[in-house]
Amino acid sequence: MRIGLKSLPALLNPLSVSDLVARQVLGSMYESLTSVDPQGRILPGLATAWEASEDARRWRLTLREGATFHTGRPFAARDVKRSFEAALATEGANFAVLALAKVRGFREVRAKTARELSGVAVIDDRTLDVVCDEPCAVFPFARFNIVDVDAVEKAGPDWFRTMSAGTGPYRLLRSNEGIRIDVEANPAWRGGAVPFERVSFLATGIGNDGITLFNDSQVDFTFVDTDALRGVMDDPGFKRSLSNVPRMQMRVLALDPRRVKAFADLRVRRAMSLLIDRQAMAERFFRGVATVHNGVVPPALLSNERLEPLAYDPMLAKQLLEEAGYPEGRGIDPFTVAVVPEYRREFVYYVSQWNNAGIPAKLATSPRQEFIARSRRRDYDAFLFGWTATYPDPMNFLDELFTSRSRFNPVGWTNAEFDGLIERAMAIPDPDRRAEVYKDAEHIVMTDMPVIPLVVPDYVALRGNVLSDNFITPFGGLNFA
């Protein structure tokens, strides 16, 4: 099977992964404590059971028997502890660092004053205890790539270029990073036989290149970019090859009040939101394969009746601008909306709607790497901000994006009441009770944080007949098993 991806990661180290594409490739080779089915439900992975204390500060994990690393060594509880520590020893932020931040001993390992996580105890080969300094109700659901650390330490710092050391359904065959990565079936995988003897990941480039390669039978699978979506959806020749799944994703326009004073006014933000006809965008621009979210948590994870529906109402928008002291947009400082090139056509609509109401916005595109670097520095007036969940719980959005200590908070927003609600939710192991707190927290984000929710397009792909409809997961992963 040949999978076309726009680009391949320059480095494929499972201990330091921090981007979606690397996660897609590594998902073929590495497993975590839990897994997720195509509908987004939590399933056992390398852990078969997990039990929390009443305050969610302590977890006991029961681990799977019969799993074997690609290196041939049997998996045991010690490997989970060592994988945690090895991930924390890497430089920079990564998915594991975010997930382990509350575990006792985290700061010491990150500061390199200790090598072992004091809060993780190996009870026996199949049992692990985890103690957190703060409540952490979602600990087992985060994504950790479990690795044979003994083997990789012997292989040296560039081990991941020539071998894989996971327990997943495929193992690394060869890697030409940035161009092609080949994996082969793991005959010792705990799940039994896998569908393909070999899977190849190929870099196709952006735009229509992946679609062209699919048409020419050079790849069996490729995602469809947003800007190419309408052409593919309208072409009857692609009808039998199309596959789509709603994204577990938040997608907003982030506004920086430090740079544009008017963005601090809720009435201005509401007016900008009311000038977007999201339903029309979902139906016409995205050809019906998109979802309108009323908040910042995907509705599949949290159905929040406390949020006001995001309506289209230009007359009310005009009234709100007048009330805020900016009649027909006069007095709002001119600002630039920054996006990557593949979203330009979509944002032409938003900017034109604001311009028609007198709001002085203009659109600018930047290459992806420049855009990411500048947006993390908060170097834009307004910019597209998206986040795809790594596990199916609202905490993956509310805690990791919006608390005052978040590394990924898009505009440096802080709210003490919100932080308090997240701390409270973290101490509630029961998901139904926790959801009630989440609803209040999300309502605060929507009334206080300078963001405007946008339409969330589905993951849309072209797939050959050899692939099932559920090959794409709602988290942007690929279902290799």
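## Aromatic pairs

The structure holds 22 aromatic pairs, where rings of Phe, Tyr and Trp (its six-membered ring) pair if their centres lie within 6.5 Å, with planes under 30 degrees apart counted as stacked, over 60 as edge-to-face and the rest as tilted. The model is predicted: local features need pLDDT of at least 70, side-chain atom pairs count only at pLDDT 80 or more, and totals for chains, interfaces and linings use all residues. Residues are numbered from 1 along each chain as its sequence is written, and side-chain values use heavy atoms, with hydrogens and water left out.

Phe84 and Phe144 form a tilted pair, 4.7 Å centre to centre with 50° between the planes. This pair links distant parts of the chain, 60 residues apart. Phe347 and Tyr350 form an edge-to-face pair, because their centres are 5.0 Å apart and their planes lie at 85°.

## Charges over rings

Arg247 lies over the face of Tyr459, 4.2 Å from the ring centre (CZ of Arg or NZ of Lys within 6 Å of the ring centre and within 35 degrees of the ring normal). Tyr459 also belongs to an aromatic cluster whose members include Phe201 and Phe471. Arg251 lies over the face of Tyr343, at 5.0 Å from the ring centre.

## Cysteines

The count of disulfides (cysteine sulfur pairs within 2.5 Å) is zero. For Cys132, the nearest cysteine sulfur is that of Cys136, 4.8 Å away. Cys132 is buried, with a relative accessible area of 1%, and Cys136 is buried at 5%.

Conventions. Buried means under 20% relative accessible area, exposed over 50%, partly exposed in between (1.4 Å probe, protein chains only). Helices (H or I, at least four residues) and strands (E, at least two) are DSSP runs, numbered from the N terminus.
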